[in-house]
Amino acid sequence: MKQQLEIKNLSVKVEETEILKDLNLTLPRGEVHAIMGPNGTGKSTLAKALAAHPDYEITSGEVLLDGENVLEMEVDERARAGLFMAFQYPSEIPGVSIANFLRAATQARLAEDEELEATQFYKRLYEKMDMLQIDRKFTSRAINEGFSGGEKKRNEILQMAMLEPKYAIMDETDSGLDIDALRIVSEGVNKLRGPERGILLITHYQRILEYIVPDHVHVMWNGRIVKSRGKELALELEKRGYDWIKEEFAEPAAKA
Amino acid sequence: MGVPNELTSRDTFDAYLAALKDMPQWWLDLKRESWERFHELPMPHRKDETWRFANISGVNLEGYRLGETAGGEVAEKDLVARSEHVHQRAGRLVFANDQLIDSEAVTRELADQGVIWLPLEQAVREHEDLLRKHFMAQPIKLGSEKFSALHSAFCSAGSFLYVPKGVEIDLPLVACHWTNGQDAGIFPHTLLIAEDLARVTLVDFFSSPERKARNYVCGVNDLYAGPGSRVTYISAQNWGRDSLAFHLNSTQAFKDSFVTSLNVNVGSRQARTESHSQVLGEGAHTEMQSLTVATGKQEFDQRTLQTHFKGHSVSDLLYKNALLDDARTIFSGLIKVVEEAQQTDAYQTNRNLLISPTAEANALPGLEILANDVKCSHGATSGQIDDEQLYYMLARGIPEKTAKQLLVFGFFEDILIKLENEEIAENLRTLIRAQFGE
């Protein structure tokens with residue numbers, strides 16, 4: 001069994017409009033891949049579809065997580081199978097503390113007759129919070145309620161650190177972060193890199209890739225991956241922008 | 001024919017009164033008058049504005065026996081053992097079917113400062129002046145006058161708490177009222193008097209030992225918050241699921257007092273709560289909070305009144321209901337501000353979380369403002385679990401059932417987290433969580 005997240009010929013519709021068209025991508029564990037592309041090209045749709053958001057309808061294709069068909073799984077099953085999504089705009093949940101939320105998520109990953117050991121749990125939680133420079137007082141705060149943009153993103157990485165997914169998809173994690181927050185978040189992600197984990201970074205800007213250096217860069221355009229190369233592709237995009245991609249891959253109809 | 005010792009039978013009342021022959025004459029007179037008033041007053045009618053939306057046919061007093069004679073099925077010592085909700089306490093009284101079964105006095109130190117903490121009947125015998133002044137002295141006018149009269153007639157059990165001027169009690173006083181056995185009717189009473197600058201917390205636990213119990217309960221709790229006092233009253237209602245319950249509250253808040261009341265309701269078949277907060281002094285602040293989990297076919301009927309007689313005062317009401325299954329809630333609230341009560345802030349919020357499509361939340365918020373320089377607002381919202389919040393939790397691998405529970409607990413948490421006493425807050429959380437156990 002190959003340890004990789006395999007996206008095969010994936011097509012996705014949102015409200016009757018086809019956004020992803022026969023998209024193919026393979027993310028092996030141990031690697032960090034970046035997906036770049038202009039706005040409106042389907043990057044976030046890919047993320048949401050993988051995380052089974054109800055607004056996104058998968059019309060064809062397959063997604064295999066270490067050979068297992070993810071598309072047959074419910075939202076929560078996918079997460080427990082090891083797929084993690086760091087959201088661009090995570091929800092605020094009044095009244096549910098970070099600690100209780102993560103306890104429930106951790107408990108859900110244990111065997112049915114196994115009880116979460118609270119002391120161990122808090123020890124781990126505090127370690128990860130320290131790593132991400134999150135004040136320990138946040139454990140009792142309601143998730144994301146009144147958090148700044150940077151705090152929300154750090155909270156996403158905290159959850160990723162606690163849940164130790166096999167594959168993490170990070171949707172525009174760099175958006176809305178100032179340079180300090182970007183550095184802290186990137187350091188956190190770098191610490192989570194390792195042979196047991198594949199990371200897919202979705203970003204509009206090259207900036208975050210200076211901190212989290214990817215193994216591969218994919219360019220997305222019009223619902224497809226149109227170019228895949230090494231990290232140098234990000235620099236080229238930084239220099240040249242996206243227009244040459246648009247020109248190169250514009251559909252005949254759009255050209256005319 | 002009814003059951004022996006039926007609540008509404010004159011023979012029952014006569015026998016009850018005969019057994020009270022050692023009690024002061026004024027107490028017996030009050031009971032006789034109350035009994036007559038109970039018979040004179042009509043039963044609620046579906047056209048009564050104060051009973052709008054309520055299940056009138058469920059308000060039936062037939063087939064209940066006077067608690068004292070009902071006979072319990074659970075041993076007293078077991079009920080006392082089950083009354084250990086709050087370990088850190090200043091005193092505790094435990095009643096079963098209106099009989100005192102356990103009593104813990106306050107410390108010598110508090111007693112020496114003049115704190116009185118007694119079962120109601122003993123207080124009637126020993127502190128006539130206070131009782132004559134305060135017992136049932138506050139108006140009941142939200143619709144349950146008839147049931148209040150029956151309460152006066154039969155009420156024997158309950159707690160009397162008097163905190164003299166300037167005395168502060170750190171630990172809560174606790175009263176536990178149990179029904180015991182089927183068909184018992186009980187009349188728990190709570191009378192709290194906090195004099196100037198006193199500070200105190202009192203907690204009532206209302207429970208039936210068996211989930212399916214059928215009982216009739218009519219409880220009254222009156223709070224008197226003297227100038228500058230700080231009073232916290234908390235109740236947790238978990239009567240058997242076939243019970244009919246009334247809980248009638250009245251609060252008097254004098255100058256610069258701060259009163260918080262929190263009622264958590266999960267029990268009974270049909271429960272009616274009436275809460276009247278009277279702001280009688282400038283600078284007074286009252287918080288009226290209620291958390292209800294309505295399941296099965298339960299009906300919770302909530303009537304509230306905030307009256308501001310004096311200005312520069314605040315009343316803030318927040319009633320939150322989570323509704324499952326085919327449950328119903330009715331919230332009917334009114335804010336009244338008299339003409340001279342300028343610079344009043346009065347707020348009234350009812351929030352309903354509909355977890356089931358067949359649950360029903362009714363809201364009747366209202367204002368009656370005669371002063372012109374006030375801040376008043378009222379609002380009622382009913383909504384379902386937020387899809388995006390639920391999705392976010394599922395996306396972390398939390399199963400749907402657990403996720404929904406966490407969201408419902410979260411709905412109540414903004415009130416619970418503000419409680420200063422963590423042990424009481426945990427008790428209330430446990431009670432709420434237990435409603436989702438099946």
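Is A:Asp66 buried or exposed, and at what relative accessibility? In this predicted model, A:Asp66 sits at 15% relative accessibility, so it counts as buried, the cut-off being under 20%. Its side chain meets that of A:Arg29 in a salt bridge, 2.4 Å from N to O. The two come from distant parts of the chain, 37 residues apart: A:Asp66 is in the loop between β4 and β5, while A:Arg29 is in the loop between β2 and β3. A:Arg29 is buried too, with a relative accessible area of 17%.

Now hop over to helix α6 of chain A, residues 179–192, where A:Glu187 and A:Arg183 lie 4 residues apart, about one turn of the helix. Their side chains form a salt bridge at 3.5 Å. Here A:Glu187 is partly exposed at 35%, and A:Arg183 is partly exposed at 32%. Chain B has a pair with that kind of spacing: B:Arg132 and B:Glu128 are 4 residues apart in helix α7, and they meet at 2.8 Å. Over all chains, the count comes to 45 salt bridges.

On to the sheet in chain A. Six strands form an open, mixed sheet in the order β6-β9-β10-β3-β11-β12. Its edges are β6 and β12, each pairing on one side only, and the twist averages 20 degrees from one strand to the next. Within the sheet, β9 and β10 run parallel, joined by 5 bridges, and A:Ile169 stands opposite A:Leu200 in β10.

Finally, look at A:Ile212, in the loop between α7 and β11 of chain A. A:Ile212 is buried, with a relative accessible area of 0%. Its contacts beyond its sequence neighbours include A:Val32, A:Val189 and A:Leu201.

Note on methods:
Residues are numbered from 1 along each chain as its sequence is written. Chains are lettered from A and ligands numbered from 1 in the order in which they are written. This is a predicted model: local features need pLDDT of at least 70, side-chain atom pairs count only at pLDDT 80 or more; totals for chains, interfaces and linings use all residues. Side-chain values use heavy atoms; hydrogens and water are left out. Buried means under 20% relative accessible area, exposed over 50%, partly exposed in between (1.4 Å probe, protein chains only). Contact means heavy atoms within 4.5 Å. Two strands pair if DSSP finds at least two bridges between them. Axes are lines fitted to C-alpha atoms, for helices over the stretch in contact, and angles run from 0 to 180 degrees between N-to-C directions. Lists of a residue's contacts leave out its neighbours within four places in sequence.
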